[in-house]
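I am opening a notebook on a structure that is new to me. My entries follow in the order I looked things up.

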Amino acid sequence: MHEEIQAYAKRLKLSWVREHYQEIQADTQEEFLLRLFEKEIEQREERKINLLLTAATLPKASGKPFDWKDVRMGAGLDQETLYHGRFIDCQENVIFYGSVGAGKTYLATLIGLNVIQSQKKHVKFYTVASLVNELLDANDKGTLSKMFKKIEKLDLLILDELGYIPLHKQGAELLFQVISLCYERRSIIITTNLQFGEWNHVFGDPILTEAVVDRLIHHSHLVLFDGESHRLKESMAFQPT
C-alpha cells in the first residue's frame, strides 16, 4: 500500500505527499485531505520563491532595516508604495540618484526581496557593467534573442551602478534595446550617481542618451538619496581613537 501511494503521488507530482503523508494527524478524512493539500501547497510556494530568489541574483542583504531619513521622494510615491513595489503593477520606473554608498543598492535589493517573497514577482538584478557584458557575449554567440526573451518575462529589472563605467558604442546600443524592451511593459529600478545631464558620459552619444532618458523618465519616479556614504560612516566608526 505504501509503495502504491508513493507511486501515485509521484505520478501526480505531489512531492510532499509522497514523502510525508504519514506525518499528518487528523480526526476525519476531510481534515486529513485538507492538511495534506495545505502542506503540499506550502512546499510548492516555498520552492517557487526559492527559485525566484536564485534567478534574481540579488546582492546579499544584511538584514538591517533601511534608514529612510535621507531619502526624498516626489508626489505620487511614498515609502510603502516603493517598498512594496506597487509601481510595478503600473509598469512604472524608479530612478535612485545619490552619492556612492548612500544606500541605493541596498534599498533596491530590499524591494526586490520583498516583491519576490510577498508577491512572487519575477526580478533580476544586474550591475549595468555585468548586463552589458552579458549582452555583448550573447550577441557574439547569436543568443541575444534568447536573452531578450528572459528579460521579457520579468516584472522588475534592477540596473545598478549606472555611471560608474563609460560604455562602448555597441554596449550602449544593446543596453538601449533592453530599456526599450521594458518600456511600458515592465518596471526598472536604476541606481546612479549621475544627474540626467551627465548620462552622456556613460552612453557616449547625445542622441542615444536622449532616447534612453526619454524612455526611462516617462512613467517614472525620482528618488533622491541625500545622505553620506553609509560604508564610510561605518568604517569611520571602527577607526581607533
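**Entry 1: a surface patch**

Which residues make a nonpolar surface patch of about 300 Å²? I found Leu33, Phe37 and Ile41. I note here that the model is a predicted one. I then looked up leucine 33 on its own. Leucine 33 sits in helix H3, which covers residues 29-56. Its relative accessible area is 43%, so I put leucine 33 down as partly exposed.

**Entry 2: helix H6**

Next I turned to helix H6, residues 128-141. I read off 14 residues. From its first C-alpha to its last, H6 reaches 20 Å, close to the 20 Å expected at 1.5 Å a residue.

Which residues of H6 are buried? My list is Val128, Leu131, Val132, Leu135 and Ala138. They lie on the same side of H6, because they cover an arc of only 125° around the axis. I checked the other side of H6 too, and there Asn133, Asp140 and Lys141 are exposed.

What do the buried residues of H6 pack against? I wrote down two strands, E3 (123-127) and E4 (156-162). I also wrote down two helices, H7 (144-152) and H8 (169-182).

Just after H6 comes glycine 142. I noted its positive phi of about 75°.

Most residues other than glycine have a negative phi. I went looking for residues that depart from this.

Lysine 120 is one: it is not a glycine, yet its phi is positive, about 55°. I located lysine 120 in the loop between helix H5 (104-119) and E3. Lysine 120 has 24% relative accessibility, so it counts as partly exposed.

Glutamate 184 also has a positive phi, near 60°. Where does glutamate 184 lie? I found it in the loop between H8 and strand E5 (187-192). Glutamate 184 is partly exposed, at a relative accessible area of 43%.

**Entry 3: asparagine 93**

My last stop was asparagine 93, in strand E2 (residues 93-98). Is asparagine 93 buried or exposed? With a relative accessible area of 6%, it is buried; the cut-off for buried is under 20%.

I then asked which residues asparagine 93 touches, leaving out those up to four places away in sequence. Arg186, Ser187 and Ile188 are among them.

How values were computed. Residues numbered from 1 in each chain as written. Predicted model: local features only at pLDDT ≥ 70, side-chain atom pairs only at ≥ 80, totals over all residues. Heavy atoms only, no water. Patch = residues over 30% accessible without salt bridge, like charges linked within 9 Å, V, L, I, M, F, W, Y side chains within 5 Å. Areas by Shrake-Rupley, 256 points an atom, 1.4 Å probe, with all protein chains shown as cover. Salt bridge = Lys/Arg side-chain N within 4 Å of Asp/Glu carboxyl O. Helix = DSSP H or I, 4+ residues; strand = E, 2+ residues; numbered from the N terminus. Buried < 20%, exposed > 50% of the residue type's maximum accessible area, 1.4 Å probe, protein only. Expected span 1.5 Å × (residues − 1). Arc of directions from axis to C-beta. Contact = heavy atoms within 4.5 Å.
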